[in-house]
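Please look through the structure below.

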Amino acid sequence: MVVIVTRPASSGKRLFNRISNGGHHALWWPAFDIGAAPDVERARATLARISEYDLAIFVSANAVRATRQLMEGAWPTGTVIGAVGAATHFAIALELQPEHGCVVTVPDDEQQTGSEAFWHAWQASARRAQRVLVVRAEHGRNWLSERFLEQGSAVDAVAVYSRRPHRVSEADVQQLRLWITAGERPAIVFSSTESVVALDQQVDTTIRAWLRTGTAIACHPRIAGQLLSNGYARVMNATFDDDTIIAKLESIATD
């Protein structure tokens, strides 16, 4: 089976390797390239003062991994950690290894992720934070910041990584064309709504049309909705967990 993995960074490479080792024809086609913080010194300086904040919210697993590379020392127990979903929560446990006394707020339902899901979980916790830090890329939604500002919190944001649209190589384009000629229908793993549009912007109309002949694996219901809106007829729901994605792919292979 032909499988295309659009998840970027090390987690995307890890999933690609698992799929390849499972005997499938796989292509790692990250929708975005993850790079260093746009202002490394500012990011380091902000993270050095992390104990001054009551709450630090990580908007992605990439933000967690970048923070670990930029931050010195252990996470302060007085700063509550916010995770927008299960994948981010997993990265926090693996990379930051907060002490037992440090509270991690995360949506209760592993199927729910994103700013709205985190805000609901935070409201349900009945906690309050006077100073909030949003840890993110240089661009992103301000929805969460606006909610905390409305509640009277002082909110800062720090960019700990950069995200740029990936430039697909000519070799990968040729591989895609070979699969099209051979009549293959792909399974494509999408881990963000932005990746749906990003892929379309990197290739021509022939490849865009071919992608829609396959099965799209959506790691979140919001991604599934975006895929359907963008013309993908067959969409399967999964989670961000690698095992769940692999299981979905195996179900397609035996269908």
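Which element supplies the largest share of the lining of the second largest pocket? Before the answer, a note on the source: this is a predicted model, in which local features need pLDDT of at least 70, side-chain atom pairs count only at pLDDT 80 or more, and totals for chains, interfaces and linings use all residues. Residues are numbered from 1 along each chain as its sequence is written, and side-chain values use heavy atoms, with hydrogens and water left out.

The largest share of that lining, 5 residues, comes from α3. A pocket here is an open set of points on a 1 Å grid over the protein atoms alone, where a 1.4 Å probe fits and protein lies on both sides within 12 Å along at least five of seven lines; lining residues have an atom within 4 Å of a point. The second largest pocket holds about 190 Å³ of space, a volume being the space filled by probe spheres set on the points, which are joined across faces, edges and corners. Its lining consists of A9, I34, G35, A36, A37, N62, R65, A66, Q69, L70, V160 and Y161. At least two lining residues come from each of β3 (32–35), α3 (61–70) and β8 (154–165). Sorted by class, the lining has 8 nonpolar, 3 polar and 1 charged residues, where Ala, Val, Leu, Ile, Met, Phe, Trp, Tyr, Cys and Pro count as nonpolar, Asp, Glu, Lys and Arg as charged, and the others, Gly among them, as polar.

The protein as a whole has 11 helices and 11 strands. These are DSSP runs numbered from the N terminus: helices are H or I with at least four residues, strands E with at least two. The C-alpha trace spans about 60 × 35 × 30 Å along its principal axes. Of the 255 residues, 49% count as buried, meaning under 20% relative accessible area, while exposed means over 50% and partly exposed in between (1.4 Å probe, protein chains only).

Now to the aromatic rings. Rings of Phe, Tyr and Trp (its six-membered ring) pair if their centres lie within 6.5 Å; planes under 30 degrees apart count as stacked, over 60 as edge-to-face and the rest as tilted. By this rule there are 5 aromatic pairs. The ring centres of W119 and F148 are 4.9 Å apart and the planes stand at 85 degrees, so this pair is edge-to-face. Because W119 lies in helix α5 (residues 115–125) and F148 in helix α6 (residues 143–150), the pair ties together parts 29 residues apart in sequence. W119 counts as buried at 13% relative accessibility, and F148 is buried at 0%. F148 also pairs with W122: the centres are 5.9 Å apart and the planes at 55 degrees, so that pair is tilted. Ring pairs link F118, W119, W122 and F148 into a cluster.

R131 sits over Y53, 4.6 Å from the ring centre, and R147 over W143, 4.8 Å from the ring centre.

Last come two backbone angles. Most residues other than glycine have a negative phi. Q97, in the loop between α4 (86–96) and β6 (104–105), has a positive phi near 45 degrees. A126, in the loop between α5 and β7 (131–137), has a positive phi of about 65 degrees. Q97 counts as exposed at 59% relative accessibility, and A126 counts as exposed at 62%.

Notes: A charge sits over a ring if NZ of Lys or CZ of Arg is within 6 Å of the ring centre and within 35 degrees of the ring normal.
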